[in-house]
Amino acid sequence: KRRLLEKPDCLPNCASSGRLSIDLKPGLLQGRLELDAAASTAVPLPRTAAQWLPEDVALDGQPAKALVRTADGVLWIAVPAGSHQVVFQGRMPERDSVQLPLSLKPHRVEVTATGWVVAGVHEDGLADENLQFTRVAGAAGPGASLQPGALPPFVRIERTLAIGLNW
């Protein structure tokens, strides 16, 4: 029992991410995460349950079979020891700004964005703890959220007031 439940020597750093590649379009976010695991472990995926979650996750070209979302909203995937590629995608929400926290910070991040402005990725490929995507005005396409503005009048009301006595 002790041998089977023994934790690997590499914990808590059994996995690292070499590169994260994100392709962001007006309605869809697709990503590819390269992972190296020294032992069989679980790895957190880039996500934020309040703003964006992946709809499809694949590990090495096969649909991911071991995914779990914890109470704090982190989505974890189980990976065996070795080098792996995790591909994920999901629809972007109908909002002007989306933040994507990187729980397992990759060594290099590449983002290709159409219709979005990206913050949090530096020119040398290093990334901050959070990536922020802001929708470019007019690039939202169909189903975009309405922006507040002044409406032209569509009713004209005329009133006549008579003050005094009518003879």
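Predicted model: local features only at pLDDT ≥ 70, side-chain atom pairs only at ≥ 80, totals over all residues.
User: What makes the approach of Ser17 to the backbone oxygen of Glu34 a polar contact?

Analyst: A polar atom of the Ser17 side chain lies 3.3 Å from that oxygen.

User: Is Thr41 buried or exposed, and how do you know?

Analyst: The value for Thr41 is 18%. The cut-off for buried is under 20%, so Thr41 counts as buried. Thr41 sits in strand E3 and is in contact with Cys14, Ala15, Ile77, Ala78 and Val79, leaving aside neighbours within four places in sequence.

User: What is the label for Lys1, and what makes it so?

Analyst: Lys1 has 78% relative accessibility. Exposed means over 50%, so Lys1 counts as exposed. Lys1 belongs to the segment before strand E1 (15-24). Its C-alpha atom is separated by 48 Å from that of Ala119, which is 118 residues apart from Lys1 along the chain.

User: What makes the pair Glu55 and Arg91 a salt bridge?

Analyst: The N to O distance between their side chains is 2.8 Å. A salt bridge needs a side-chain nitrogen of Lys or Arg within 4 Å of a carboxyl oxygen of Asp or Glu, so this pair qualifies. Glu55 is in the loop between E3 and E4 and Arg91 is in strand E8, so the pair ties together parts that are 36 residues apart in sequence.

User: Why do Glu55 and Arg91 get their accessibility labels?

Analyst: Glu55 has a relative accessible area of 42% and is therefore partly exposed. Arg91 has 57%, and the limit for exposed is over 50%, so Arg91 is exposed.

User: How do you know that Glu34 and Arg32 form a salt bridge?

Analyst: Their closest N and O atoms are 3.6 Å apart. The limit is 4 Å, so the pair counts as a salt bridge. Glu34, at 25%, counts as partly exposed, and Arg32, at 27%, is also partly exposed.

User: What makes the phi of Asp60 worth a remark?

Analyst: Most residues other than glycine have a negative phi. Asp60 is not glycine, and its phi is a positive value near 55°. Asp60 is found in the loop between E4 and strand E5 (62-63), and with a relative accessible area of 42% it is partly exposed.

User: What makes E9 and E12 paired strands?

Analyst: Pairing requires at least two bridges. E9 and strand E12 (residues 127-135) have 5 bridges, in the antiparallel sense, so they count as paired. In this pairing Val98 stands opposite Phe133, and the bridge partner of Ser97 is Thr134.

User: Which residues of strand E9 are on the covered face, and which are on the uncovered one?

Analyst: Val98 and Leu100 are on the covered face, while Ser97, Gln99 and Pro101 are on the uncovered one. In a regular strand the side chains alternate between the two faces of the sheet.

User: How do you know that E6 and E7 pair?

Analyst: E6 and strand E7 (residues 75-79) share 3 bridges in the antiparallel sense. At least two are needed, so E6 and E7 count as paired. Val68 stands opposite Trp76 in E7.

User: Why are E3 and E6 called edge strands?

Analyst: The open sheet has 3 strands in the order E3-E7-E6, with antiparallel pairing. E3 (41-44) and E6 (67-69) are the edge strands: each pairs on one side only.

Definitions and conventions:
Residues numbered from 1 in each chain as written. Heavy atoms only, no water. Buried < 20%, exposed > 50% of the residue type's maximum accessible area, 1.4 Å probe, protein only. Helix = DSSP H or I, 4+ residues; strand = E, 2+ residues; numbered from the N terminus. Polar contact = N/O pair within 3.5 Å; in protein donor to acceptor, adjacent residues only side chain to side chain. Contact = heavy atoms within 4.5 Å.
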